[in-house]
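Here is the note on the model you asked me to look over. The points are numbered so that each can be answered separately.

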Amino acid sequence: MMKWLTKKEIDDAINQITKHEPELAKFLYQKQPPILRSWLPKSSGAIWTLNGCIVLNDRYLKNGVDWQDAWVVSLIAHEACHLRQGWERAFSVFGELEAWHMGFRLYENLGGALLSSTIRELLDMPLAMDRGNLQNARRCMAEYAGPRYLVQFLPLFPARQEIKYRIGQLKVFLRQKTKI
């Protein structure tokens with residue numbers, strides 16, 4: 001069953017985000033995305049939808065939504081980052097890396113518990129369009145979130161850049177084949 005958060009609850013979340021991520025908070029105030037709670041798979045703390053909603057996983061909110069809980073606020077920030085990115089960037093390992101950076105850095109700034117060595121490794125990675133870096137980020141995400149996270153199905157780069165890269169690789173391959 002879906003439960004919509006009230007405007008006051010959403011404003012409480014945005015207020016927590018404002019101090020550390022003012023640009024994201026501004027985006028949230030301007031767009032006012034609906035935020036709701038619903039039952040999701042264990043592998044997701046929250047999701048964003050193509051129609052601009054943020055859905056928190058109710059299985060992790062057994063005692064309701066606590067805006068002093070760094071984890072809950074960081075989940076909203078992570079998904080809001082995807083909404084701000086747009087679908088093309090959000091559906092890529094690069095987009096995930098950017099959202100994981102934002103979410104976990106906010107989690108730390110809000111006084112969240114110590115992060116695992118896998119997350120520390122992920123946060124130490126540069127936010128760069130580098131295939132090796134993004135493959136390593138994909139590995140860390142899968143290791144942390146588990147096999148049902150499905151990050152292995154995302155392209156490394158946003159769709160247009162990934163297609164350009166693949167066409168370039170195909171051209172190199174075809175040139176090599178014609179030389180043989």
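**Notes on the predicted model**

1. The buried residues of α2 pack against α1, α3 and α5, where contact stands for heavy atoms within 4.5 Å, and where helices (H or I, at least four residues) and strands (E, at least two) are DSSP runs numbered from the N terminus. These buried residues are Leu24, Ala25, Phe27 and Leu28, buried being under 20% relative accessible area, exposed over 50% and partly exposed in between, with a 1.4 Å probe and protein chains only. Seen down the axis of α2, they fall within an arc of 155°, so they line one face of the helix, the arc being that of the directions from the helix axis to the C-beta atoms. On the face of α2 turned away from that buried side are the exposed residues Glu23 and Gln30.

2. As to provenance, this is a predicted model, in which local features need pLDDT of at least 70 and side-chain atom pairs count only at pLDDT 80 or more, while totals for chains, interfaces and linings use all residues. Residues are numbered from 1 along each chain as its sequence is written, and side-chain values use heavy atoms, with hydrogens and water left out.

3. On the overall layout, the protein has eight helices and four strands, which follow one another along the sequence in the pattern β-α-α-β-β-β-α-α-α-α-α-α. Taken along the principal axes, the C-alpha atoms fill a box of roughly 65 × 35 × 30 Å. Buried residues account for 46% of the 180 residues, and among contacts between residues at least 6 apart in sequence, 54% join residues at least 24 apart.

4. Helix α1 (residues 7-18) has 12 residues and reaches 16 Å from its first C-alpha to its last, close to the 16 Å expected at 1.5 Å a residue; the expected span is 1.5 Å times one less than the number of residues. Its buried residues are Ile10, Asp11, Ala13, Ile14 and Ile17. They cover an arc of only 160° around the axis, which puts them on the same side of α1. The partners against which the buried residues of α1 pack are α2 (22-31), β2 (35-38), α3 and α5.

5. Lysine 31, in helix α2, is exposed, with a relative accessible area of 56%, and its C-alpha atom is separated by 9.6 Å from that of leucine 83, 52 residues apart along the chain. Just after α2, glutamine 32 takes a positive phi of about 50°, a positive value in a residue other than glycine. Glutamine 32 sits in the loop between α2 and β2 and counts as partly exposed at 34% relative accessibility.

6. A positive phi is also found at leucine 150, near 70°, again in a residue other than glycine. Leucine 150 belongs to the loop between α7 and α8 (159-179) and is partly exposed, with a relative accessible area of 46%.

7. Histidine 101 lies in helix α5 and is buried, with a relative accessible area of 8%; not counting residues up to four places away in sequence, histidine 101 touches Leu122, Leu123, Met125 and Leu127. Glycine 111, by contrast, is in the loop between α5 and α6 (117-124) and counts as exposed at 61% relative accessibility. Glycine 111 and alanine 70 are 41 residues apart in sequence and 6.6 Å apart in space, C-alpha to C-alpha.

8. What is the volume of the largest pocket? The value is about 750 Å³. On a 1 Å grid over the protein atoms alone, a pocket is an open set of points where a 1.4 Å probe fits, with protein on both sides within 12 Å along at least five of seven lines, and lining residues have an atom within 4 Å of a point. Grid points are joined across faces, edges and corners, and the volume is the space filled by probe spheres set on the points.

9. The largest pocket is lined by 31 residues, of which Ser43, Ser44, Ala46, Glu79 and Tyr149 lie nearest its centre. Two or more lining residues come from each of β3 (46-48), α3 (70-85), α5 (93-109) and α7 (131-145), and the largest share, six residues, comes from α3. The lining divides into 19 nonpolar, eight polar and four charged residues, with Ala, Val, Leu, Ile, Met, Phe, Trp, Tyr, Cys and Pro counted as nonpolar, Asp, Glu, Lys and Arg as charged, and the others, Gly among them, as polar.
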